[in-house]
Amino acid sequence: MSSPGSTFRSVHWTGNSVQIIDQTFLPQKEVTIHLTSVGQVWDAIKKLKVRGAPAIGIAGAYGLFLGIRELPEGVFGTFYKECERVADYLNSSRPTAVNLSWALKRILDTMYSQKEKPISELKQLALETAILIHEEDRRLCKAIGEHGAELVPENARILTHCNTGSLATGQYGTAFSVILHAHKKNKVKNVWVDETRPLLQGARLTTWELQKEGIPFTLNIDSAAAFLMQKGEVDMVITGADRITRSGDTANKIGTYNLAVLAHAHNIPFYVAAPYSTIDLNLENGSDIEIELRDEVEITHSGNKRMAPKHISVYNPAFDITPNRLITAIVTEKGVLTPEYKEKFEKLFG
Ligand code: MRU
């Protein structure tokens, strides 16, 4: 199977720091920054300098190493308690994407399982696990693209939301990887890119990535999706996910649920693409997922200019929940899963 090898990587471990493209400057400027402390990683995640569920898991994993590398190498119990404290701190940056807590727990568990080793070696183990998580995500995203491309019809007009490409993952992306792999098979006629209010991940980032890859696309305002579907201009919808529960209920960027309802009403398949690190078997239903509420300024202002009157009530959830019954299939690295999701998740990822 032909495979795109040219896509860039937005996160790098330099040996001493985490190097990221600061996504808040895109697409105007490609600014690379180096994060050398856990505080800088927390800030970069919080401010969406690095964003997208798998990418914040990867950045968080390196952040944990940065936060523990200078810890005193005394007794294991004291060291491990500090590691947990650093992990809790990183976890407090953004609550909805499970990939962050998943990556941090994986590193803590790995160190704990080898607690008889000297602390200097455990620190090294933490870094090696972070690198493993990073490399693994690249492989998973590639596999997601290969599986998902099979779902894409010839001459496909695909609608997507938010940004799910190399910026949001180790490489290739999730939903973006499906589009990328389908494009390599000459199946993509047009990608409808939702601008993705309020932070415009679609307009700023997905267009930038599609342009880089030479994939045909058209930018549209979020609220044009219904009209596009009504006119028969959309063959499929595909998005990523920030957390998928046992039942298949899925948290993703605010506006995703709207698309799922619309796709259902117009008899258009609605797909979700995500690696196993996004599947949270500890939660049963979407209502159990904590939804991040963000600053009202993201809605009341456009850049530095105030657009809404002062002293008003503002509601700015960053994500919403799409119920499993509206999801035609979930594309994972292990293949395309159709409902019922619960049994399949337990069998494949339990
Ligand atoms: O707030 P963001 O930009 O981090 O939200 C990102 C999304 O909602 C993506 O769709 C999701 O993380 C999947 S990305 C591979």
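Modeller: Let's begin with K47, which counts as partly exposed because its relative accessibility is 48%; buried means under 20% relative accessible area, exposed over 50%, and partly exposed in between, using a 1.4 Å probe and protein chains only. Please keep in mind that this is a predicted model, in which local features need pLDDT of at least 70 and side-chain atom pairs count only at pLDDT 80 or more, while totals for chains, interfaces and linings use all residues. Residues are numbered from 1 along each chain as its sequence is written, and side-chain values use heavy atoms, with hydrogens and water left out.

K47 sits in the loop between α1 (38–46) and α2 (53–68). Helices (H or I, at least four residues) and strands (E, at least two) are DSSP runs, numbered from the N terminus. T24 is 23 residues from K47 in sequence, yet their C-alpha atoms are 8.1 Å apart in space.

Contact here means heavy atoms within 4.5 Å. For angles, axes are lines fitted to C-alpha atoms, for helices over the stretch in contact, and values run from 0 to 180 degrees between N-to-C directions.

Those two strands belong to an open sheet of 3 strands, ordered β1-β2-β3 with antiparallel pairing. Because β1 (11–13) and β3 (32–35) are at the edges with a single partner strand each, one side of each has no neighbour in the sheet. On average, neighbouring strands of this sheet are turned by 25 degrees against each other, direction ignored. Strands count as paired if DSSP finds at least two bridges between them; β1 and β2 (residues 18–21) have 3, in the antiparallel sense. Within that pairing, V18 of β2 is the bridge partner of W13.

Now let's move on to helix α6 (residues 175–184). Is α6 mostly buried or exposed? Of its 10 residues, 9 are buried, so α6 is largely enclosed by the rest of the structure. They are A175, F176, S177, V178, I179, L180, H181, A182 and H183. What do they pack against? Their surroundings are α5 (119–149), β4 (156–160), β5 (188–194), α7, β7 and β10.

Let's take α7 (residues 201–213) from that list. α6 and α7 pack at an angle of about 25 degrees, with their axes 12 Å apart. That makes the two helices roughly parallel; angles under 35 degrees count as roughly parallel, over 145 as roughly antiparallel, 65 to 115 as roughly perpendicular and the rest as oblique. On the α6 side the contact is made by F176, I179, L180 and H183, and on the α7 side by T206, E209, L210 and E213. These residues divide into 4 nonpolar, 2 polar and 2 charged, where Ala, Val, Leu, Ile, Met, Phe, Trp, Tyr, Cys and Pro count as nonpolar, Asp, Glu, Lys and Arg as charged, and the others, Gly among them, as polar.

β4 pairs with β5 in the parallel sense over 5 bridges, and R157 stands opposite N190 in β5.

β10 (residues 270–273) has F270 and V272 pointing one way and Y271 and A273 the other, and all are buried. β7 (residues 236–239) pairs with β10 in the parallel sense over 3 bridges, with I238 opposite Y271. β10 also pairs in the parallel sense with β15 (residues 329–332), again over 3 bridges, and there I330 is the bridge partner of V272.

Finally, look at the backbone on either side of α6. Most residues other than glycine have a negative phi, and most peptide bonds are trans. Y172, in the loop between β4 and α6, has a positive phi of about 70 degrees although it is not a glycine. Y172 is buried, with a relative accessible area of 7%. Just after α6, N186 takes a positive phi of about 60 degrees.
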